[in-house]
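Subject: Structure handover

Hello,

Here is the structure I promised to pass on to you.

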Amino acid sequence: MENSAEAAIKGWSLPVSELRSPRAARIHSAVLAAILDHRLQPGARLPEDELASIYGVSRTIVRSALQALAHDRVVTIEPNRGAQVAEPSAAEARQVFEARSVIEPRVAALAAERATKADTERLLRHIAEEEQALAGDNKGRAIALSGAFHLTIAEIAAQPIFAGFVRELVSRSSLIIALYWRRQDAMCERHAHSALAEAIGAGDTQRAADLMLSHIVDLLSGLDLRQRPREEPRLSMLLQGTAAE
Ligand SMILES: [Zn+2]
């Protein structure tokens, strides 16, 4: 049984689809979900041998999952330290959102130019799923779905180079939001996504761009970028119930 954050993650992370081994993809999703759910803290170490024994797979499979997570920028791998959950600095967090504020308004405008009725319906279905996750108080799933909404807009815009940038930035933002979110309200406020879907559906390029810019500025303002203390519980406890089978 995978948890619902893992289900939400599937399909939006490029390396997952590139992972040839289903078991590696499974570990990738489980660890990413644990990071987004905040069970794994920034800096938490991810030893290959421990993960291999938790999931009952070879270290080679664990290594390919960790490499995909490193590609997502949510894990760092250093020669003598091994893998650990990335610790995005406050400066990096600001840079990620600065980049999003430049790229995503243009992507939203392109999506508004091209969106079909089916595309708009897809966005609306997404919003309904986000609402469900928030109502169920599933933070990891809500973060994953919020990210997926932005990736869907990039897909509708149908420009693969932009979509690649958005994918990396959303992946990095998901970790940043999981770590630094301070407001009590929704990660990506419902009304912001609804208004975006409406502007895109109406083909209103300028409004879609404006709404996206203010949405991203608003997301950045929801982060608390001060230093925080770190806890280091045991890896096997954190990943309990996510092992294969
Ligand atoms: Zn959003």
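**Salt bridges and their surroundings**

Glu 168 counts as partly exposed, at 30% relative accessibility (buried means under 20% relative accessible area, exposed over 50%, partly exposed in between, with a 1.4 Å probe and protein chains only). Salt bridges that share partners join Glu 168 with Arg 73, Glu 92 and Arg 172 into one network. A salt bridge here is a side-chain nitrogen of Lys or Arg within 4 Å of a carboxyl oxygen of Asp or Glu.

Before going on, please note that this is a predicted model: local features need pLDDT of at least 70, side-chain atom pairs count only at pLDDT 80 or more, and totals for chains, interfaces and linings use all residues. Residues are numbered from 1 along each chain as its sequence is written, and side-chain values use heavy atoms, with hydrogens and water left out.

In the bridge between Arg 172 and Glu 168, the closest N and O atoms are 2.8 Å apart. These two residues are about one helical turn apart because they sit four residues from each other in helix α9 (residues 160-180); helices are DSSP runs of H or I with at least four residues, strands are runs of E with at least two, and both are numbered from the N terminus. Arg 172 is buried, with a relative accessible area of 16%.

The structure holds eight salt bridges. Another of them joins Arg 100 to Glu 104 (2.4 Å, N to O), and both of these residues are buried. The bridge between Arg 122 and Glu 155 (2.4 Å, N to O) links distant parts of the chain, from helix α7 (residues 117-135) to helix α8, 33 residues apart.

**Helix α11**

Which residues of α11 are buried? They are Ala 208, Ala 209, Leu 211, Met 212, His 215, Ile 216 and Leu 219. They cover an arc of only 165° around the axis, so they lie on the same side of α11 (the arc is taken over the directions from the helix axis to the C-beta atoms). The buried residues pack against α6 (90-114), α8 (139-157) and α10 (190-201), where contact means heavy atoms within 4.5 Å. On the face turned away from the buried side, Gln 206 and Val 217 are exposed.

Leu 51 touches Val 31, Leu 46, Val 62, Leu 66, Leu 235 and Leu 239, leaving aside residues up to four places away in sequence.

Best wishes
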